[in-house]
Amino acid sequence: MARLISGIGVGLRRPFAAELLKTKRHLDFLEVTPENWVMYGGQRRSLLSACMDRFPTVSHSVSLSVGGLEPLDTALMDSVATLCEQTDAPFWSDHICYSSVLGQPTHDLLPLPFTHEAVHHVARRAAQAQSHVGRPLLLENATYCVPMPGAELDEAGFLCAILGAVDCGLLLDVNNVYVNSRNHGYDPFLFIDRLPLDRVGQLHLAGHTLVDDVIIDTHIGPIIEPVWALYQHTIRRAGRLIPSLIEWDQEIPALDVVLDELERARSVADAALMNHPSHRSRSMEHRKVER
Amino acid sequence: MRLAALFDTIGPYLLGLSSHEETVPSLFGAAADPQHAKRLRIYERFCRKHRQEALDHVFAHCRATVISASDIATWESLVEQYFRCHPMHHFELNHNGRLFPELVAEELAKQRFGLPPYLAELADFEWWEWQTYTAADSVQDQLAEQGPLRVSSSVELRPFQYDLISWLDSDQPGDLASSPEVHASVVLFWRDRDLDLRRTAASQLDMFILKAVLEAVPMQPALAEQLGVSHSALMRTALDLHRAGIVNGVMPATVTEDTKTHGGLHEHSIEVSEPVASAVACDAASCGGQKVRD
């Protein structure tokens with residue numbers, strides 16, 4: 001049986017990786033971007049091994065290019081499979097996007113058109129990737145600054161159609177929902193309400209940056225209040241603490257600042273579930289057993 | 001728009017091979033929303049930024065040298081030229097710079113970009129620093145005091161015509177107004193037992209001993225005689241190489257107290273400073289233009 005991923009975690013970043021090994025503060029799991037770690041021996045590998053020994057760890061890659069036309073990168077998927085084996089992770093994740101074009105990696109997450117063709121293309125390749133790695137795949141909703149031409153679905157419909165076409169989970173990036181809602185003018189709460197939250201295996205939380213008239217998903221924290229509100233709404237509606245992760249990728253502060261965000265997430269999630277029907281009934285059952 | 005058509009249209013733009021003016025009408029039609037046209041530039045900028053980042057960190061001294069000799073635009077043009085000749089191919093961002101030293105050598109031969117003559121060697125030097133720093137671990141290296149003598153898996157010997165070590169270590173970071181002296185040497189790159197990156201100019205005797213270890217030739221007086229050195233000098237140098245983590249395995253019992261008092265390679269090898277070591281490890285990431293790399 002795979003190792004359990006639960007609670008609130010952080011994305012492993014090199015600037016604070018060594019400090020993580022010394023902290024007495026509590027975090028439940030780590031997320032590792034394999035592209036940044038698995039090719040390295042030496043000190044970086046040693047740091048990764050120590051972190052994986054201490055914390056439950058999941059793989060979150062950025063180069064699968066599940067929406068691209070190039071053959072899936074076998075070397076990447078093999079690396080992910082090895083990492084999953086080493087961490088005994090219950091799932092791995094990547095993004096609904098393309099990151100290679102005309103045979104070349106771009107090292108960016110690029111938006112797909114919301115078309116039926118893209119739905120079936122992503123579904124087919126996600127199934128192939130999941131089968132290759134041998135563990136369940138969670139697909140993450142990505143941001144898009146500009147919609148690609150020819151859309152036949154809206155963004156929520158696109159995500160739901162993909163989940164309907166392939167047996168994968170969803171990694172729901174709450175910040176991305178907020179960013180897209182602001183950039184494209186929709187209600188993020190109604191967007192969340194349209195998603196099958198029972199299929200969500202993990203949540204992401206992060207900061208972002210306003211540049212001119214567009215918000216860029218920079219993962220520069222701290223997380224803003226409207227995103228916390230959306231997170232609380234998501235947890236309340238799901239009725240369970242979906243494993244949640246703080247991402248901070250640029251202008252990375254001291255570890256304690258990142259862990260403060262983690263504690264905030266814990267308290268927001270607790271507040272969301274307080275008096276939730278599913279939790280009330282569980283408490284009653286517990287008391288009954290005690291008698 | 002079908003996916004194949006989308007990628008054919010937007011691909012060259014993202015790769016820096018076609019212009020915004022060409023791409024926008026092909027993608028959005030002649031009456032494209034101005035906001036869409038403006039925001040499309042974000043993706044082109046992000047992709048170009050990642051190409052720059054792929055070389056900026058591994059080749060930090062090359063970058064500083066080119067900027068010092070000309071300007072940032074020249075460096076950016078050189079990077080774009082590199083990726084036109086050697087497209088990105090690897091999911092690990094820094095790995096895509098493997099052929100940059102070759103490109104620099106070709107451009108030097110063509111006398112384009114006004115590059116300083118030592119730049120190809122500097123690029124090769126920086127590439128091997130990064131290669132050594134990140135090289136895969138070997139179980140054999142972890143058993144440093146066991147088994148037959150063997151060369152550490154991270155060891156690499158590279159010939160250079162310029163004295164890059166003295167030049168790099170004598171300058172303050174960013175102050176690269178001077179040039180390295182012409183002085184042929186072989187540089188030994190390796191990772192020590194603390195996994196720190198080190199490099200030093202290899203002596204003739206260092207190289208003879210490494211060759212002997214590779215060929216499993218015993219460190220006997222006969223070998224010393226063949227090399228024209230005393231046996232104690234041979235053993236002292238072998239011990240220095242062993243202490244430095246260049247050679248692993250059980251040292252012959254003939255090592256004497258006299259040989260043990262030698263200062264060893266630690267005194268003249270250079271441990272690469274943390275800023276340099278971390279600079280060579282650019283994380284790739286890619287959420288919205290930043291590299292997710294740490």
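Two strands count as paired if DSSP finds at least two bridges between them. What you're looking at is a predicted model, where local features need pLDDT of at least 70 and side-chain atom pairs count only at pLDDT 80 or more, while totals for chains, interfaces and linings use all residues. Residues are numbered from 1 along each chain as its sequence is written, and chains are lettered from A and ligands numbered from 1 in the order in which they are written.

Let's start with strand S1 (residues 8-11) of chain A. S1(A) pairs with S2(A) in the parallel sense over three bridges, and Gly9(A) has Phe29(A) in S2(A) as its bridge partner. S1(A) also pairs with strand S12 (residues 244-247) of chain A, again parallel and over three bridges.

Now find helix H2 (residues 42-54) of chain A. Its 13 residues reach 19 Å from first C-alpha to last, close to the 18 Å expected at 1.5 Å a residue (the expected span is 1.5 Å times one less than the number of residues). Gly42(A), Arg44(A) and Leu48(A) are buried in H2(A). Buried means that 20 or more other C-beta atoms lie within 10 Å of a residue's own; 12 or fewer makes it exposed, anything in between partly exposed, and the C-beta atoms are placed from the backbone. Down the axis of H2(A), the buried residues fall within an arc of 150 degrees, so they line one face of the helix; the arc is that of the directions from the helix axis to the C-beta atoms. Their cover includes strand S2 (29-32) of chain A, along with helix H7 (119-134) and strand S3 (182-191) of chain B.

What about the contact between the chains? Two residues are in contact if their C-beta atoms, placed from the backbone, lie within 7 Å. By that rule, chain B brings 47 residues and chain A brings 47 residues. On the side of chain B that touches chain A, H3(B) gives the most, with eight residues. That side has 27 nonpolar, eleven polar and nine charged residues. Here Ala, Val, Leu, Ile, Met, Phe, Trp, Tyr, Cys and Pro count as nonpolar, Asp, Glu, Lys and Arg as charged, and the others, Gly among them, as polar.

Chain B has 14 helices and six strands, and 42% of its 294 residues are buried.

A few spots in the loops of chain A are worth a stop. The loop between strand S11 (214-216) and helix H8 (225-238) of chain A holds Pro222(A), and the peptide bond from Gly221(A) to Pro222(A) is cis, with omega near 0 degrees. His219(A) is found in the loop between S11 and H8 of chain A too. Its phi is near 60 degrees, a positive value in a residue other than glycine. With 26 other C-beta atoms within 10 Å, His219(A) is buried.

Ser65(A) sits in the loop between strand S3 (57-60) and helix H3 (74-87) of chain A. Phi of Ser65(A) is positive, near 55 degrees, and its 27 C-beta neighbours inside 10 Å make Ser65(A) count as buried. Met274(A), by contrast, counts as exposed, with 10 C-beta neighbours inside 10 Å.

Note on methods: Helices (H or I, at least four residues) and strands (E, at least two) are DSSP runs, numbered from the N terminus.
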